[in-house]
Number of protein chains: 2
Amino acid sequence: MATPGTRKQLRGQAVRRELVAAADGLFTSKGASNVGVDEIAATSGIAKSTLYRWFPTKDDLVVEFLAQRDEAFRRQWDAVAREHAERPLDELTAQLEWICRYIASPRFRGCPFLNTTAEFADPTHRVRAAARANKADLRRRLTTLAARLDVADPAALADQLVLVIDGAFATSQVFGDDGPQRRLVDAGRALVAAARPTERKDPS
Amino acid sequence: MATPGTRKQLRGQAVRRELVAAADGLFTSKGASNVGVDEIAATSGIAKSTLYRWFPTKDDLVVEFLAQRDEAFRRQWDAVAREHAERPLDELTAQLEWICRYIASPRFRGCPFLNTTAEFADPTHRVRAAARANKADLRRRLTTLAARLDVADPAALADQLVLVIDGAFATSQVFGDDGPQRRLVDAGRALVAAARPTERKDPS
DNA sequence: GCGCAACGCGACCGATCTGTCTCGTAAGAT
DNA sequence: ATCTTACGAGACAGATCGGTCGCGTTGCGC
């Protein structure tokens, strides 16, 4: 972590990044359990023995892949949140909009956290725990965001928003580009509107 | 299919059912691609050579597994629909309620159609097509149901309902029993309420 | 300039996978 | 009673998997 002094450690970190980058591409396009370690080594141009020096098992590589995806997700979320600090409804709309664009981007092949959860059947597996951490974080963020919208039950609204977001992730892989995920933003705003106590049409 | 005359053909159908039943249990608990053909043969008590007589490849068995799950899903949906023929909002609530109970049942290990979609990365694969058929059918049923609720855009509401349903399926595997899937019925009713043009609190 | 550690290359191991084949047997059709 | 056919048991083939090991080479630290 903190300040690697020597050049060798720097190079080591570069090797790690290269490995995770190659693994990310392959895991994303083919599914983590459908990618062999040899293929990752060949794609990254890094020997298999070197790979196993940095990641003792393939599962470690999968966990690191998810950790980096998780960090990217949180960074993107924070960046959007910063642009709509005082307007929670606008922030929610913006968050749903970039998720929608993210799903529609050609490189997207399904939410990596949901995909690995489906691939690894054992709920106690480390990969499942890594995926769960991301979704728990999303749920938490939505709860604090819902609390800033004046609704009766913020936790309930947050969970409903989790449903439409993960639903958009999941269903986008079943149908193509014309799937129900296009209604994500509308669905989110509809849930907020229904959760509002009485009035209507009043952006806060 | 139609009337197997001889006793031998009858026995053949029984063997098929036995195989699919064993495969269903294993595919559900461990994931289709994490189950070997030998294990299915051992569990069902049927020789592997016999298995390959009825299902030329393992993929055929997975497709049949999905087909039977699809038929069971449609039968359940139809049965619930029949009980609420003239009250579309009640029907939707009832449909979401049994899906919620279905997810909460101890044997449930994730929607088989979403699971196999995540496991088989190739969108042109037959298993993916079988899963897509089920979800397209669900989308169609929701569209006709939404059309009976007096909303401006039935197709839009149907897609939003697909999001919460598939979201409940997906997120239930990430979180445990206390996941956001508990809000499925509330979410569905909220989407309907928001899609209604003006009035409020009026069950039709 | 010397020595150590990281790297590339690739053989290798044992386990597991899908799918094939052989053979002995038992049950149904005629 | 005979013939046919489905079945069980299990060996077998060919491929792929995760992971280990040894060896030659290169480059950084001292």
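What covers the buried residues of α9(A)? The covering elements include α5 (88–104) and α8 of chain A, together with α8 (154–174) and α9 (184–195) of chain B. Here helices are DSSP runs of H or I with at least four residues, numbered from the N terminus.

Before going on, some ground rules. This is a predicted model, where local features need pLDDT of at least 70 and side-chain atom pairs count only at pLDDT 80 or more, while totals for chains, interfaces and linings use all residues. Residues are numbered from 1 along each chain as its sequence is written, and chains are lettered from A, with ligands numbered from 1, in the order in which they are written.

**How confident is the model?**

pLDDT is the predictor's confidence in each residue, from 0 to 100. Chain A has a mean of 93, and 92% of its residues reach 70 or more.

| Stretch of chain A | pLDDT | Contacts beyond four places in sequence |
|---|---|---|
| residues 1–5 | under 50 | three |
| residues 200–204 | under 50 | three |

Where pLDDT is low, the predicted coordinates should not be read in detail.

**Two chains, one axis**

**Where they meet**

Residues count as in contact if their C-beta atoms, placed from the backbone, lie within 7 Å. The contact takes 41 residues from chain A and 42 residues from chain B. On the chain A side, α8(A) gives the most, with 14 residues. That side divides into 21 nonpolar, 11 polar and nine charged residues. Nonpolar covers Ala, Val, Leu, Ile, Met, Phe, Trp, Tyr, Cys and Pro; charged means Asp, Glu, Lys and Arg; the others, Gly among them, are polar.

**Back to α9(A)**

This helix is mostly covered, with nine of its 12 residues buried, meaning 20 or more other C-beta atoms lie within 10 Å of a residue's own. Among the buried ones are Leu184(A), Ala187(A), Gly188(A) and Leu191(A). Those four are all touched by Val164(A), which also touches Leu163(B), Val164(B) and Gly167(B), leaving aside residues up to four places away in sequence.

Methods: Contact = placed C-beta atoms within 7 Å. Helix = DSSP H or I, 4+ residues; strand = E, 2+ residues; numbered from the N terminus.
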